[in-house]
Amino acid sequence: EALRRGDTAKAQAVVEADREVDRLEVELEALAISLLALQQPMARDLRFIIGAIKITSDLERVGDHAANIAGSTIRMSALAGRRPIPPQIEEMARLARAMLSDALDAVIRLDGVLGREVCRRDDAVDALHETLCRSLLTHMMEEPRTISWALETLLVGRNLERVADLATN
């Protein structure tokens with residue numbers, strides 16, 4: 001949303017919120033380790049706790065990617081002449097958000113079918129990312145003055161592609 005609107009205040013709030021996500025990851029990991037040490041869980045409970053540690057780590061990485069996108073938003077706002085966000089970015093963002101939401105729903109509901117469906121959607125994000133890269137490279141060759149904007153846009157695309165990858169995890 002901050003990128004779409006060029007809202008640097010909202011982008012800065014995302015950067016600042018990443019610190020809270022980092023803190024929560026450490027807190028949740030400590031709780032999980034405490035459960036492992038004190039309760040000595042077996043079978044399903046053990047798998048759940050180990051999965052929770054992995055998910056927590058992946059969600060922290062999603063927060064890092066969101067902060068990276070926010071940083072690109074701030075840098076792009078400082079560039080001369082606001083440019084429209086490429087449609088591939090809009091679609092990648094929509095897909096990545098939906099994948100992440102569905103992946104979390106799949107975990108909560110223990111829905112393997114939904115989880116596998118999320119993984120299949122990653123191919124669409126990868127294809128959009130590839131198309132974006134080709135498009136922006138062509139754009140940079142045709143209009144060299146847009147290189148800074150295009151490089152930031154490439155970074156945004158890469159971060160969105162990584163969010164989709166983390167959703168598949």
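1. Let's start with a definition: rings of Phe, Tyr and Trp (for Trp, the six-membered ring) pair if their centres lie within 6.5 Å, and the pair is called stacked with planes under 30 degrees apart, edge-to-face over 60, and tilted for the rest. Searching the whole structure for such aromatic pairs turns up zero.

2. A word on what you're looking at. This is a predicted model, where local features need pLDDT of at least 70 and side-chain atom pairs count only at pLDDT 80 or more, while totals for chains, interfaces and linings use all residues. Residues are numbered from 1 along each chain as its sequence is written, and side-chain values use heavy atoms, with hydrogens and water left out.

3. The charged end of Arg83 sits over the ring of Trp149, 5.9 Å from the ring's centre. The rule here asks for NZ of Lys or CZ of Arg within 6 Å of the ring centre and within 35 degrees of the ring normal.

4. Now have a look at helix α5, residues 112–142. (Helices are DSSP runs of H or I with at least four residues, numbered from the N terminus.) How far apart are its end C-alpha atoms? They are 46 Å apart, which agrees with the 45 Å that its 31 residues should span at 1.5 Å a residue; the expected span is 1.5 Å times one less than the number of residues.

5. Which way do the α5 residues face? Buried means under 20% relative accessible area, exposed over 50%, and partly exposed in between (1.4 Å probe, protein chains only). The buried ones in α5 include Leu114, Val118, Arg121, Asp122 and His129. The helix's buried residues pack against α4 (87–109) and α6 (147–168), with contact meaning heavy atoms within 4.5 Å. Thr131 also lies in α5, but it counts as partly exposed because its relative accessibility is 35%.

6. The N-terminal end of α5 has a cap: a side-chain oxygen of Asp111 lies 3.2 Å from the backbone nitrogen of Val113.

7. On cysteines: a disulfide is a pair of cysteine sulfur atoms within 2.5 Å, and by that rule the count is zero. Cys119 is partly exposed at 36% relative accessibility, and Cys133 is partly exposed too, at 22%.

8. Finally, check the backbone around Gln40. Gln40 isn't a glycine, yet its phi is positive, about 45 degrees. Where is Gln40? Its place is the loop between α2 (8–39) and α3 (43–77), and it counts as exposed because its relative accessibility is 61%. Ala43, in helix α3, also has a positive phi, near 45 degrees, without being a glycine.

Notes:
Helices (H or I, at least four residues) and strands (E, at least two) are DSSP runs, numbered from the N terminus. A polar contact is a pair of N or O atoms within 3.5 Å; within protein, one must be able to donate a hydrogen and the other to accept it, and residues adjacent in sequence count only if both atoms are side-chain atoms.
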